Amino acid sequence: MPDETSTTDAVIHARGLKKCFGEFTAVDGVDFDVAPGEAFGFLGPNGAGKTSTMRMIGCVSPVTAGTLTVFGLDPAHDGARIRSRLGVVPQADTLDNELSVLENLLVYGRYFGLPWSESRRRATELLDFVQLTDRAKDQVEPLSGGMKRRLVIARALINEPALLLLDEPTTGLDPQARHLLWDRLYRLKQRGVTLCLTTHYMDEAEQLCDRLVVMDKAKIVAGGSPRQLIEQYVTREVLELRFNRGEGETDDGAHLDGQLDGLADRIEQLPDRLLVYTADGDATAAAAFERGLRPASILVRRSTLEDVFLRLTGRSLVE
Amino acid sequence: MLALRLSVPSTLTRPTRMVERNLLVYRRTFMVIFSGFFEPLFYLFSMGFGVGALVGAVQLENGSTVAYAVFVAPALLASSAMNGAIYETSNNFFFKLKYAKLYDAIIATPMSLRDVARGEILWALLRGSLYVVGFLVVIAVLGIAGLGLISSPLGILAFPAAMVVGFAFAGAGMAATTFVRKWQDFDFLQLAIMPMFLFSGTFYPISAYPPALQVFVQCTPLYRGVHLIRALTTGNPDVWIAVDVAYLMAMGLIGLWIVGKRLNKLLLA
Amino acid sequence: MAASSAPIAPVAAPADARRGLMSALTAHSSLRVLEHDLLVFRRGWRSYMMSGLSQPFLYLLSMGIGLGLYVNRNGGAPGGVPYLNYIAPALLVTQAMMAAAFESAWPIMSKIAWEKTYLAALNTPIGATSLLAGDIMWIAFRAVLLSVLFFVVILAFGAVSSPLAVLAIPVAVLTALSFAAPIIAFTATQKTDQSFNMLFRFGITPLFLFSGTFFPIEKLPLFIQPLAWVTPLYHGVSLARGFSLGQVDPVADLIHVAVLAGFVVVGLFVARITFRRRLEL
C-alpha cells in the first residue's frame, strides 16, 4: 500500500485518482506512489482500469478527479514538460510504417527537440541495445511482433527518460521474445530508470516488479511486493486436484463429503479442478490419499500472484 | 535519475518537426510530389490555348477584354492551390489520423496536438508552394516566348496570394477531415470541391449567371481566391481584394481552431 | 459479354478436346465471377453512380452551358455546332473511360494483392482466365449502366442532334474496354499501387484534356497531333461525336472502330498472359 514517507520525492504520486468516460468510471479513486528507480506494476484483468491510469500518467488523458503529480508536476499544466522526461510503450505498436527502423528513432528524437546529430547517436546506440542494428534500414511493416515491440521500447528511450511507462509490454509475444524483452527491461532498471508497467501476466509481474498493486473493477484491491502479497493472501504452496467427473457435472466439492476438512487453509473450486492452499503440498496430498481420495491428477506448485488475485476477487486473472 | 538534458522545444520550432517527418517519407516517393506539378499545366494548355482558341477574348469585370488564356491562368493557379491543400489534408491526413495512428505516438512526446495541426498545415503549404512556383515559372517562360499571361507587375503577388488560398483550404479541409468516419465520406468533400472548381468564375465570368446566383458564388471561397489572384495578374486590384484576403485567412484560422478542438476530443480522451 | 470472352477463348491452345471443355467451363465460371461482383455491387451502387455521374454532369453544366455561352458567341464549335452539343458525346465517352480505367487499377489490385479475392476463388474450379473474363464483363456492365444514364441526361439537355446519337452508348462501352483491357494487363504486373497515380496523372488526365474532348485536336501543335491519333480516347470521342451530330463518315468510322477493337483484343491477349503469370504460378 502507498508509503506516505515517499510522497515528497515520488516520481508518480496519486491520491483519489479518478477517470470517468461519461457514465462509466474506468478508474475509481486510486492511491499509489512510485519511488525513483523502482519497478512498479499494475496487475489486473482486461478492463480493470490499468490503461486508463497509464494514459493519465502519460499526460494524454485528463484526470477527472483527485490528485496526480508526475515528477512533482501537474499533468494538466505541465504536460509537455512531463512528457519530455517520459518514455511511453503503448499497448498497440504505434510505429511509423512510412519510415524505416532507424528513421523511426531519428524522427522521434526530433519530436523531443534533439539535434539531428544527437538523435542519430542515440538511435544507433539504442538499435544496438534492442538488437536491431542489422534491420536499421528496413521498413517497419515486415518486422516480427517481438522486433516491433523492441523498436517501440528503443523509441521510448530516445529522450533518455527518467520514467518508462509500459502498457502490457509482452502481450501477444512468444515466450522467447518475452524473455528477451524482460532482460532489456531488467538492464534499464539496473541503470536507474524508473519502470511503471501494467500486465495481466503474473509471471511478468513477479519477474519485473519490486512492488505492485492489484487492480480490479477500477479499484486497487491490494498492494505490496510480489512476495508480501503471496504471504499475506495465500499459503506457500498449492495442491491442484482434478477428478474425473461425469458430463455436465460441476466440481462443487459436494462429493468430497468434507474429506479435506482440516487439511487446508482454504479450498477454491474452479470448473475443472480444486485448488487446495496449504503450507506443505506433498504432505497434504498424502493425507488426502490416506483419507481415501482418488483424484485423476495431482499437482503441487508454489503459490503465484494468480492465486492472490483469485483470493482477492474470486475470479481468474486471464479468462 | 538520468541527466535531464532536455529542454522543452519552443512552440515556434515544434511544428517544423512534422515537416521533417513528412520530408523523410516523401524522399522515397519523390515522383508523387513532383508529378503534381504537371496537372495544372495540362489544364493551362488544354483550357488556355485549346479551348481558348474557341472562346477568343473575355471581358473582365472592369470592362477590359483579355485573351481567354490570360483569364483562365490565374483561376487555374487558385484551383491548384486549393486542390493541393485539400489532397494533403483529406486523404493523407485521414490515413495518418485513423489508420497509421501516427499522432497517437507523437502526443506521447512534448509535441502538442496544436503543433501537429500547425505542422501538417505548414507541410501542405510547402508542398503547395512548389506547384505554385512551378506554375508561375512556366507562365513567366511563356511570357518570354511572347504569350504573356501576366499583364501586371502585381502578378508577383500571385505567389503569396496562392499561399493564402492554400491556407484557407488546408485549414478547412483538415477540419472537415476530423469529422470523417470512413473513406466513402470523402465523396461528400468532392461534391463540394468539384462544383467550386467548375463554377467559381474559373472558366468563364460569373456574369453568365442570374444576379442571385452571382451573389451566391461570390460568397464561396474559391471565387474569392480566383478573384484575388486574377486581380493581381491582370493588374486590376480593387478594394474587394482586402475582402478576399480577410475571408480566406479567417477560413484557414477557423479551420485550424476546429482542428485543435476536434483532435483533442479524438485523441485525448 | 460475347465480345469480351470471345477473344480469350482462341488463345487457350491446349489439345482440342480440352479446349472445348475449358472454354465451356470458362464461360460458365466467369459468369460466376460476374455474379459475385454483382452481389457486392448491390450494397454500393448508389454512391458508385453518384460519383461516376456527378463529374461529367458538372462538366456538362460548366463547360457545355456556362463556357458554351462564350464559345457560341464566338461562332461556336467547328462547323458552327453549339458547344454543348459538341462536348456532350465526348463527355459520355470520357466518363466511361475514367470509370473503366479506375476499375481496372485499384479494385483489381485489391483482388490480386490486398483482399486477395482472386486467391480464394482460385481454390475453386475457377481459373485465372475466368476471373479475367468475369471482371471484364463486370466493367463492361457498369460502363453500359453509366453510359445509358448519362445519355438520358444528355437527352434531357437537348444536346444531341441526330437519332444516330444512341450509337454513342456502344461507342462509350467499347472505349471503356479499350482502356480496361490494357490497364488490367498492366495492373497484374504491379506489386504496389504507386504506379497508378502516375498512370492517371500522365495518362488518363492528359487524354481527358487533349483527345478532342473540349476542342478539336487540330488546335494542338502539329507535332502533338499524331500522339492523339494513337490513343483510343481520340477515336472513341470522334466516333461518338460523329453519331451524335449525325455526321457519319464510313471510312473514318471504320478506322475508329478498328483501332478501339484492336486495343481491346491486344489488351485482353496480354492481360490473359499477365493474369496467368501472376495468379497461376
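Student: In which kind of crossing, left-handed or right-handed, does α7(C) pass α11(C)?

Tutor: In this predicted model, α7(C) passes α11(C) in a left-handed crossing.

Student: Why are α7(C) and α11(C) called roughly parallel to each other?

Tutor: Helix α7 (residues 168-187) of chain C and helix α11 (residues 250-279) of chain C pack at about 25°. Angles under 35 degrees count as roughly parallel, and the two helices are therefore given that label. Their axes are 7 Å apart.

Student: Which residues of α7(C) and α11(C) meet?

Tutor: On the α7(C) side they include C:L174, C:L177, C:A181 and C:I184. On the α11(C) side, C:L260, C:F263, C:V264 and C:A271 are among them. Two residues are in contact if their C-beta atoms lie within 7 Å.

Student: What is C:A172 in contact with, leaving aside its neighbours within four places in sequence?

Tutor: C:A172 is in contact with C:L92, C:V93, C:A96, C:A143, C:S147, C:G236 and C:A240.

Student: How many residues does the largest nonpolar core have, and which have the most contacts inside it?

Tutor: That core has 254 residues. Those with the most contacts inside it are C:L92, C:A96, C:A100, C:A172 and C:A176. Helix α4 (residues 83-114) of chain C gives the most to this core, namely 19 residues.

Student: Why does this core lie between domain 1 and domain 2 of chain A?

Tutor: Domain 1 (4-225) and domain 2 (235-302) of chain A both give residues to the core, so the core lies between them. The C-alpha centres of these two domains of chain A are 40 Å apart.

Student: How many residues do chain B and chain C put into their contact?

Tutor: Chain B puts in 26 residues and chain C puts in 29 residues. On the side of chain B that touches chain C, the elements giving two or more residues are α2 (30-35), α3 (38-55) and α8 (186-199) of chain B. The most comes from α3(B), with 10 residues.

Student: What makes up the side of chain B that touches chain A?

Tutor: The contact takes 26 residues from chain B and 29 residues from chain A. On that side of chain B, α1 (14-28) and α5 (102-106) of chain B each supply at least two residues. The largest share, 5 residues, comes from α1(B).

Conventions: Residues numbered from 1 in each chain as written. Chains lettered and ligands numbered in written order. Predicted model: local features only at pLDDT ≥ 70, side-chain atom pairs only at ≥ 80, totals over all residues. Core = buried A, V, L, I, M, F, W, Y, C linked by C-beta atoms within 7 Å. Buried ≥ 20, exposed ≤ 12 C-beta atoms within 10 Å, placed from the backbone. Helix = DSSP H or I, 4+ residues; strand = E, 2+ residues; numbered from the N terminus. Domains from an automatic or database assignment. Axes fitted to C-alpha atoms, helices over the stretch in contact; angles between N-to-C directions. Parallel < 35°, antiparallel > 145°, perpendicular 65-115°, else oblique. Left-handed = near helix turned anticlockwise from the far one by under 90°.
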